[in-house]
Each structure stands twice: as structure tokens, then as C-alpha cells.
Amino acid sequence: MLVGKRTWIFENKPVIISTGTVGGPFEAEGEIADDFDLLHADLWLAQDSYEKAHKILFEEACQKALEKAEIQKEQVQFLLAGDLINQITPTSFASRTIGAPYFGLFGACSTSMEGLALGAYIVNSNGAKYILTGASSHNTAVEKQFRYPTEYGGQKPPTSQWTVTGAGAALLSNSGEGPCVTSATIGRVIDMGMTDPFNMGGAMAPAAVDTIEAHLKERNVDPSYYDLIVTGDLGKIGRDVSLDLFKKHGTPITEEQFQDCGLIIYRDGQPVLSGASGAGCSATVVYGHLLNRMKKGDFKKMLVVATGALLSPLTFQQNETIPCIAHAVSIEYGEGE
Amino acid sequence: MSNNKKKQLTPVQQEYQELQKKRETKRPVVRNCIKAFLVGGFICLIGQLIQTFYIYYFDFTDQTVGNPTVGTLIFIVMLLTGFGVYDRIAQFGGAGSAVPVTGFGNAVISAAIEHRTEGFVLGVGGNLFKLAGSVILFGVFSAFVIVLIKTILIQWGGM
Amino acid sequence: MIFFWAFVVGGLICVIGQIMFDVFKLTPAHTLSTLVVVGAILDGLGLYEPLIDFAGAGASVPITSFGNSLVHGAMQEAEKHGLIGVLTGIFEVTSAGISSAIVFGMIGALIFKPKG
Amino acid sequence: MFSKIKIVKTYLLILIAIGLCTGCNGNHDQTSNKDLNNSQVSKPISQSVSNQVTENIILEDEISKVMAVNTDKDILVAIKVKQFDRFRLKKIENKIKSDMEKQYPDYSILVSADQKMYFELVKLDEKLQKNTMSMKNLQKDTKKIKSLMKEQS
């Protein structure tokens, strides 16, 4: 049901019945390594290219999610997923293996919540019984495309972020045990004229703030309704700027309540500069760490706001600015059941 | 150019950028410069050592020693790039490792290694000068213009 | 003595590069292209060769010397063959840097994989 | 696939190593062994001219070290220029050369601040002092040095 201009309320409460998360060697050293279903010690995943490794990451995340729910892949009605690589080939190639009807999504690093929102909408309106959704990224495959060759010596400024090697997938169903998807707000493309591709957090913060404020307004709830409002990959700078913006707009969101996946995934001392980023960042942290905590009862309601910077190396070279987007999905557990 | 860009921004965008700037982690320019000085100086020192070595033990003079020195440095860089060390040095040294000829070598070799998966002809061949090509282009073109002017001045200006 | 000055002059040229990175926010490609052009201009004015005499590898290892030797090669040929030499002489002196980068690039691609 | 790459890898490394060793060592050995055979030398070769040259040049402000060797036709002079005068290296070389040409019109003169020249002349000088050198060999060596210095990069 649509409320306001761009918020869906899912009155049938689609359930996330299982999730799968896969990470790389760098994530294995991180803060939330225990929350991954599978960790790889080899960045290549025994493949002969990073792009193939990327594909395997997503395949494995989907398999894990299906295994845990004891669902066969033939039972999945739709697969909604995407990544950052040109023409989202890793995801499409992984879908070839899975074989389910497939929607390829591109929302840069906001793909995880774009998929979850659409999936929840389809399940909510009885369009499907089982939907698999997810997102993935691979550090070196993404670096190769968006930045420089991995072995090239380019100094990264302190504003830059570290692309996560990881994939997260969630299986949505109209019935079952697990956290429910209760609402979603679709983001607008916001462009504040930022041009520095090494400062994504600063560029994406306004999009996150815009979506969060629209969500609260249209759903007509106070920020304190949520135990946790978590952004995808704003990093340190983007989070600070967002808090400034909330203060300026008079939105009462507290610092403890406002977290960022890009700051959760790695340990202090890992050389990630401003934090983590990538489509796999919000997917792995939300579907792994945060849902685990939710099931443990650490908190009951959270709003996940995945943020994406919709640039390409080409647009950057043509001196275009960086348009950004953010999609918000609320996940609730343990009430009303 | 940056002024031009500023003019096209809407007031909202300008206001946001001001706000964002306050939170943006500043680049530690002085510290980076000191690191660049040390790393760059060290690479040149190694270059000088190699140069003196070649002059002393082989038949090279100050005039001719440049080629083998550059060749040796680039060989060393190939190893450092291949073993994944040079990008670490670069994160520390910044321009200190990019400006010496070793940075040029690293740009070529890293592109070659990276695009190997696309095959030797289209991948390695097509991308070898992806990063270093602009250096060659502008070096050659500016040299052409400068020498052209100089030659014309000498020939017709009677300099 | 020459070792000391090689270190200092080489280091200072890199500091100029770092300032172009950090203060003017140029990409590495823009910075290096600019430095090459500067090297070529300095040699056109006859200023780069004395710097090499002074600092040895401190001036000949940074990429600026690439511009310098491009001009040098072209100039030598131009003196011998006139205007046509400008074209034919450009790579006369610099072939080492480019050819060794190509050769070692190929060898690197044969033996190494990107480590990430 | 992997084992093939490894084999190629080792072959390449060996090839490179061999190439580096042979390519460079060849020249080196030839030059140093030659003199040992012809060590039956009779009388010392007069170096009075070069001694005189050395004394004169060292008086110049910009010069820190001089090494000179002469035959009956050639004078070879290697100079070391003080660090801050190295900016004017070419001018200093030319000045000393033209001064000497006036002073010793009968000789062909080579003046250079090149490090290689200095190293070579030091070696020659040692041999001359030990008196293990014939005129023929000296001429051969000077000829070699002269051609080396003519080479451009």
C-alpha cells in the first residue's frame, strides 16, 4: 500500500526466512567475521579472473540462503539482484547457474535495499511465494573498473573508502519465521554537485538524509520508533555530514541510533581510510551481522538505508558531477507475532 | 576552472558543499610532502648508486649510463609490482613513488598484469599504456613543439 | 656528495608532485603529464642539463627527465638533418625507458597475477 | 594451466639472469686481463706533462680534484668540479680545454668531468706508477677512453 508519495507499507509482512553471506580474506580479519556464513582466504576463489570470483561469491551467498531455509532453487520464483561491474555480469552469470526468473538491478551500492524493497512488494501483493534478493561486490574487480589496476601505486586520500569483497542474499517469503519487512521508501536521485570520486560518503549523505526524512514523514513515525537507523556505506565523513544535516533540519536522530555498515564491518587499524563501501557492504552487514543481532534480541526495529553513488569512470572523466540515491527498508522482529 | 564550476551550482548545492567541507578529512599535505620527499629521494639515491656502479664496473659514462640505470630500475619495479609491494609503498610515499621513472614503470606493468585475464592481445596489448600513455603523448608532443620552435629560431633567426 | 644531492633534488621534485596531488587535486596522470611537459620546457631553455650535472640521478630519475631527453633526442637530430629530424629524433634518447617498460610489462604479465 | 605458468616462469627467470650476466660481464673481463700479459716493460713513460697540467688546473677555483695522463700525442684530463659549480660543468670543461690547447698546441687534448673518465685515469695512473705498462698499451688504453667519451647516449 502506498502512503505519501514514495513509501510502501507491507501489511502482509513478508518475512526474511533465511540469509546467506559470503566474505573475502580482508573481511575475515574484520570486526564481524563471525557473522559470515562463509569466508574465503583466497581473493581469487580459485578462479582465473576476479570477475569470475565475483560471480562465485554471489552464487555461494544464494546457495547458503537456500540451504538454511531448506528450499530448492526451483522453488524460487524471482531473483532480484545486482552488483557494480559493467552490465552487472557477475550477478547475471550467477543467475544463469541458479536458474530462477531474474530481474537484474543496478542501484550502485544501494542495490541491496532496492532488491529487498521490490522483493517485499512482490511478495506482499501475492506476486510470489519465494523471492531471492541480494547484492555483491569484489574489491579488486571493482577497483579495476572504477579506479586503477590493483597493483598500480596511486595514493588514496583519507576520504576514500575500501570496497568490500562479499555477497549477501536474503530469501523472502509470505510466511515463516524471521524478521519482517514492514515498509520501504524509494529514493530520489540527489545531486549536490560533488565531483570527487574519492569522497563518496560526502556525495551520498544528502541522498540518505532525504530518504530517511521522507520515510519518517510519510510513515508518520518519530525517529525514536526505530532502535537503529543504519546507512549502507556513508563511511566516517558521510555519517558525520548526515548527522549535521539532521541537526540542521531539526530531525531528532541520535548519534547512538544512527550507524553505518561501512563503519561496522572492519576493525580499527585495517587500512580502510574513511570506511567500507560497495554493494556487498550493506548486503553482508545487514543480512549477516545485523539480522543476527536482531534475532538475539539486541533490538527490534531497524531502518536500513542503502546508499549508492551513480557514477561511472566515464562520467567522472567527462567532468560530470556524482548523482546519488538511497533506498530505505524497515525490518522489524518480534512484535505482533 | 573550479570557479566556473562553482558558478553553475545552485545555492542549495553550494550551501551543502560548504557544510560538507567542514567534515571532510583534510589531506595531511605537509606530512605527505615529507613522505614524498623521503621516498622520492630514496629512489633517486638508489638510481645514483646503480649509476655509479655501472660507471665504475662497466664501460658506461655519465652520458650513456642513463639507459641501463632506467632499465634496471624498471626491472626492480616489475618485481615489486608483481609481488604486490609497490602499491603499498605508493600509499605511503604518494608522489615520491609516482614521479620517479619507477612510477612510470609501475603504471605500465600493473596495467599489463591486471588485464592479462582479457588475453595477451586485447588485454595486455590494448591496456599497456592505459595510464602511462598520457605521459608519452604529452612528452612527445611538447618536445616536438619545443624543438620545432628552437630549430626555426636557430635556422631563420640566426641565433 | 653527489649521493646527497641526488636525494635532495629528487626528493624535492617529488614534493612538487605531491603538492600537485594534494593541493591542486590533480590525478596522477595529470600530474605526471604536467611534469613531463615542464621537463621538456626546461630543457628547451637549456636549464635541465645543468640540473642533471648537479644532481645526477636526482634529476635523471624523476619523470621530468623524460621530457628532457625527448627534447634532447629531437634537438640532436634537428641539428643534423634540419626540420625533418625533429620528428625522427624524438625517441632517439628515451627509448630505454619505454622499451624496458614494455618488455618488463610483458614479462610481468607472463609471470605475475595481481595480488589485490 | 598453473604448472605450465610455473615452468614458463622459471625459464624466463633463468633467461633473464643469463642475459644480465653475459651481457655485462663480457666487456669487463677483456679490458682488465689484457695488460697482465704484457708486463715486461722497460723504461717508465714520462708523465711530466700531465704532472704539470695537474698542478696548473688544481689552482682553478671550481676544481676539487684533477687526474691527468699523457702519451706523446694525447693529454687526457679528468676533473672533479666542486658541487655548486657543477651547474656550469660544460662551460668549465670548455674553458680548461681551450686554455690547455693554447698551452700545449702539440697535443690532442681531452678534458672531461665525467666520472668514468676519472675512474679510468686513476687506474691508468696506478699502472704507470707501478711501471707495468708499455707505450703501446698506454696508447691503446687512451684510444679506448677517447672513443668511450665520444659515445652519446
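This is a short talk on how chains C and B meet, on the nonpolar cores, and on one serine in chain D.

Hello everyone, and thanks for coming. Before we start, please keep in mind that this is a predicted model.

Let's begin with chains C and B. On the C side, 68 residues are in contact with chain B, and on the B side 69 residues take part. How much area is buried between the two chains? About 5600 Å², with carbon and sulfur atoms giving 79% of it.

Between chain C and chain B the count is one salt bridge. You can find a salt bridge between the side chains of C:D22 and B:R27, at 3.4 Å from N to O.

Which helices of chain C supply at least two residues each to the side that touches chain B? They are α1 (2–22), α2 (28–44), α4 (57–60), α5 (64–81), α6 (83–88) and α7 (95–111). The largest share, 16 residues, comes from α1(C). Sorted by class, this side of chain C has 48 nonpolar, 15 polar and five charged residues.

In soluble globular proteins, nonpolar side chains tend to be buried together. Here the largest nonpolar core has 71 residues, and the members that touch the most others are B:M78, B:V99, B:F104, C:I63 and C:F66. Take C:I63 as an example. Leaving aside neighbours within four places in sequence, C:I63 is in contact with B:V99, B:P100, B:V101, B:F104 and B:V135 from chain B, and with C:L32, C:L35 and C:V36 from its own chain. A second, separate core holds 55 residues, including A:A108, A:L116, A:A120 and A:L290.

Finally, let's visit chain D. D:S112 sits in strand β3, residues 108–112. Is D:S112 buried or exposed? Its relative accessible area is 8%, which is under 20%, so D:S112 counts as buried. A polar atom of the D:S112 side chain lies 2.9 Å from the backbone nitrogen of D:D114. Beyond four places in sequence, the residues in contact with D:S112 are D:V77, D:A78, D:I79, D:E93, D:M117 and D:M149.

Methods: Residues are numbered from 1 along each chain as its sequence is written. Chains are lettered from A and ligands numbered from 1 in the order in which they are written. This is a predicted model: local features need pLDDT of at least 70, side-chain atom pairs count only at pLDDT 80 or more; totals for chains, interfaces and linings use all residues. Side-chain values use heavy atoms; hydrogens and water are left out. Contact means heavy atoms within 4.5 Å. Buried area is the accessible area (1.4 Å probe) that two parts lose on being put together, summed over both. A salt bridge is a side-chain nitrogen of Lys or Arg within 4 Å of a carboxyl oxygen of Asp or Glu. Helices (H or I, at least four residues) and strands (E, at least two) are DSSP runs, numbered from the N terminus. Ala, Val, Leu, Ile, Met, Phe, Trp, Tyr, Cys and Pro count as nonpolar, Asp, Glu, Lys and Arg as charged, and the others, Gly among them, as polar. A nonpolar core is a set of buried Ala, Val, Leu, Ile, Met, Phe, Trp, Tyr and Cys residues joined through side-chain atoms within 4.5 Å. Buried means under 20% relative accessible area, exposed over 50%, partly exposed in between (1.4 Å probe, protein chains only). A polar contact is a pair of N or O atoms within 3.5 Å; within protein, one must be able to donate a hydrogen and the other to accept it, and residues adjacent in sequence count only if both atoms are side-chain atoms.
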